[in-house]
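Subject: The structure, and what turned up in it

Hi,

Here is the structure I promised to pass on. Could you open it and keep it beside you while you read?

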Amino acid sequence: MPQPISREALQALLDRLAADAPRCFGEGKVASYIPALAEVEPDRFGIAVCHADGSVQCAGDAMTRFSIQSISKTHALVLAMRELSPEEIWRRVGREPSGQAFNSIVQLEVENGVPRNPFINAGALMVTDMLVSQLFMPQQTIREHVRRLSITPSVDFDETVARSEMEHKAHNAALAYLMQAYGNIRNDVEVVLDAYFHSCSLAMNCVELARSFAFLANHGVNPFDGQAVLSPVQTRQMNALLLTCGLYDAAGDFAWRVGLPGKSGVGGGIVAILPRRMSICVWSPRLDSYGNSIAGRHALEGLVEGLNVTPL
Ligand code: DON
């Protein structure tokens, strides 16, 4: 049985991963289909680990905030799982990997306006529609939820990014209107898009993001206040969904290389969960063709190797 790594050895490992990250800086590009994201400095790298007891270790640019983008789809789904019955959620969105790009529309018509899973854009728009129906102020509730989980009241939307997404909304609007045509999206599409873009625009750093996912490494309990965010069964379900669908059409390759449940965003962040041990957030803005951080994925491979764990 491999022995758990000491805090000192883990710190040395994180420092080494941060020092090695520039080797990946020759590859990939910053997301530019949302113009505000194209402004980000590409050659950055940060990593933070939040242990199941809430303590944090980090290296590199772990305190620099970036656009969390699709990572927020996890927070939105957590809220939906707290607010709605499983029947209501899973009637309107599936739980299967899509094998398609994160913003693909191709399956949506064939499958009667029911998105494959909650992490592709169509699925996240569907979850946002559920929250718009259920909550008085959906985007503010998502922000409150993330502030509480990260114990950081200053976490906020980046209005420039949210506006930039709204100005270039055509693709997401097409997904949402198609789902509305099938009666699956029930609210005003513009209201749903606004709430979705605001959630994606949340700006957080690696430490804050790692903290906000710590409950998934702790049986669903937030280590900072001892409250259950999800039940142990829901936690298992969420981690399963992250493993199979969290990195879109690269989920299989990520599972092969890293072997952890994870969620990426086109801001260059990836969050991963080592169940019962730690949540991890890496950030580096250069993306591969699937929209996932290259240096981030590489560092997670190095971390799992260095930790010498076989979680699956
Ligand atoms: O809707 C979009 O396209 C973005 N707000 C989020 C996409 C995203 O982060 C995909 N992740 N890798």
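Two notes on conventions come first. This is a predicted model, in which local features need pLDDT of at least 70 and side-chain atom pairs count only at pLDDT 80 or more, while totals for chains, interfaces and linings use all residues. Residues are numbered from 1 along each chain as its sequence is written.

**Domains**

The domain assignment gives domain 1 (7-69 + 203-307) and domain 2 (70-202); such bounds come from an automatic or database domain assignment. Their C-alpha centres lie 20 Å apart. Across the boundary, 35 residues of domain 1 are in contact with 32 residues of domain 2 (contact: C-beta atoms, placed from the backbone, within 7 Å). On the side of domain 1 that touches domain 2, the largest share, five residues, comes from helix H11 (232-245). Helices (H or I, at least four residues) and strands (E, at least two) are DSSP runs, numbered from the N terminus. That side divides into 20 nonpolar, 11 polar and four charged residues. Here Ala, Val, Leu, Ile, Met, Phe, Trp, Tyr, Cys and Pro count as nonpolar, Asp, Glu, Lys and Arg as charged, and the others, Gly among them, as polar.

**Ligand**

Where does the ligand lie relative to the two domains? Both domain 1 and domain 2 give residues to the shell around the ligand, so it lies between them. Of the 13 residues around the ligand, Gln69, Ser70, Cys200, Val266 and Gly291 come nearest (near: C-beta atom, placed from the backbone, within 6 Å). The shell is made up of three nonpolar, nine polar and one charged residue.

**Core**

The largest nonpolar core has 97 residues, and Ile47, Ala48, Leu125, Cys206, Ala210 and Ile280 touch the most other members. Such a core is a set of buried Ala, Val, Leu, Ile, Met, Phe, Trp, Tyr and Cys residues joined through C-beta atoms within 7 Å. Buried means that 20 or more other C-beta atoms lie within 10 Å of a residue's own, exposed 12 or fewer, and partly exposed in between, with C-beta atoms placed from the backbone. Leaving aside residues up to four places away in sequence, Ile280 touches Val49, Ala210, Val271, Ala272, Leu274, Leu300 and Leu303.

**Strands**

Strand S1 (residues 46-51) has five of its six residues buried. Five bridges join S1 to strand S2 (residues 56-60) in antiparallel fashion, and six antiparallel bridges join S1 to strand S8 (residues 278-283). Strands count as paired if DSSP finds at least two bridges between them. Ile47 stands opposite Val282 in S8. Elsewhere, three strands form an open antiparallel sheet in the order S3-S5-S4. Strands S3 (66-67) and S4 (156-157) stand at its edges with a single partner strand each, so one side of each is left without a neighbour in the sheet.

**Two backbone details**

Most residues other than glycine have a negative phi. Tyr248, however, has a positive phi of about 55°, and with 24 C-beta neighbours inside 10 Å it counts as buried. Asn308 has a positive phi near 60°, but with 10 C-beta neighbours inside 10 Å Asn308 counts as exposed.

Best wishes

How values were computed
Two residues are in contact if their C-beta atoms, placed from the backbone, lie within 7 Å.
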